[in-house]
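User: Hi! I would like to learn how to read salt bridges in a protein model. Could you walk me through some?

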Amino acid sequence: MDRDELPYVVEPMKLEDIPELVEIERQAFPNPWPARAYRYEVAQNRLAHYFVARRQLPEELEEEPPEEGAHLLKRIQRWAQTSTQDNRPMVGYCGFWIAAQEAHISTIAVEPKYRERGIGQLLLVTAIEKALELDATLMSLEVRVTNFVAQNLYRKYGFKVVGRRPRYYSDNREDALIMTVDRITSESYQRILQRRRKQLLRRLQRHALVGP
Ligand SMILES: CC(C)(COP(=O)(O)OP(=O)(O)OC[C@H]1O[C@@H](n2cnc3c(N)ncnc32)[C@H](O)[C@@H]1OP(=O)(O)O)[C@@H](O)C(=O)NCCC(=O)NCCS
């Protein structure tokens, strides 16, 4: 595999993705959503935007090297349109709801054996880019107070703690932190995003050489 190749594709979620997704969901969350919740999000919720990341099979990879820091979502969507195979393993997924220029991340998860190789960031960047396309100016989410891994991921993309919801999670009555990043359309945030994209592309390419 060439160093310039990107080993994942991110596509809009389809109903057919859900059985594979719920296996990851069960491993990722103490209080997993059932398949029917995802079916509602994909088929009925007009405010919802969900994506799945899949491992790109070597024969599908583009020969053309990607531009440095290229707009990830555009490139990835182009790949999705040319892709015909269904046997690429799912490595993660994310989703958000949009209302009144606020995009609220509802879920993000990476298959355990594919973690710590940039896929969480790839999904988050995809969500931010899609939210920007939809004219969002603010991103928000809730995260468990003890989920330091996810909090680190969000901080990396400029999210800050702005509040707390006491006993938000029903399984253990744990509090949620509310995190937001505002002015995502500002020049200063665009510069941060561009820097992160470049770092992320390099990281994804590095892991492509190692493989799962
Ligand atoms: C949170 C999650 C999506 C991150 O996915 P991932 O693919 O492992 O993340 P990445 O490899 O893109 O890492 C991005 C950043 O997350 C943070 N992070 C990831 N793994 C970490 C770890 N083990 N310890 C501390 N921080 C970590 C770091 O800030 C990292 O950036 P860095 O590598 O430059 O330091 C993944 O751990 C997961 O699915 N967790 C279970 C589900 C969950 O908690 N979802 C969030 C709900 S709010």
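This is a predicted model: local features need pLDDT of at least 70, side-chain atom pairs count only at pLDDT 80 or more; totals for chains, interfaces and linings use all residues.

User: How many salt bridges does the structure hold?

Analyst: The structure holds 13 salt bridges. To spot one, look for a side-chain nitrogen of Lys or Arg within 4 Å of a carboxyl oxygen of Asp or Glu. One of them pairs Arg54 with Asp17, at 2.9 Å from N to O. Arg54 belongs to strand S2 (residues 48–55) and Asp17 to the loop between strand S1 (8–12) and helix H1 (18–28), so this pair ties together parts 37 residues apart in sequence.

User: Are Arg54 and Asp17 buried or exposed?

Analyst: Both Arg54 and Asp17 are buried.

User: What about Arg165 and Glu142?

Analyst: Their side chains also meet in a salt bridge, 2.9 Å from N to O. Here strand S6 (residues 160–165) supplies Arg165 and strand S5 (residues 138–144) supplies Glu142, so parts 23 residues apart in sequence are tied together. Now check accessibility: buried means under 20%. Glu142, with 19%, is therefore buried, whereas Arg165, at 34%, counts as partly exposed.

User: Which residue does Arg164 meet in a salt bridge?

Analyst: Its partner is Asp175, again at 2.9 Å from N to O. Asp175 sits in the loop between S6 and strand S7 (176–182), while Arg164 is in strand S6, so the pair ties together parts eleven residues apart in sequence. At 18% relative accessibility, Asp175 counts as buried.

User: Which residues do salt bridges with shared partners join into one network?

Analyst: That network consists of Lys14, Asp17, Glu20 and Arg54.

Technical notes:
Residues are numbered from 1 along each chain as its sequence is written. Side-chain values use heavy atoms; hydrogens and water are left out. Helices (H or I, at least four residues) and strands (E, at least two) are DSSP runs, numbered from the N terminus. Buried means under 20% relative accessible area, exposed over 50%, partly exposed in between (1.4 Å probe, protein chains only).
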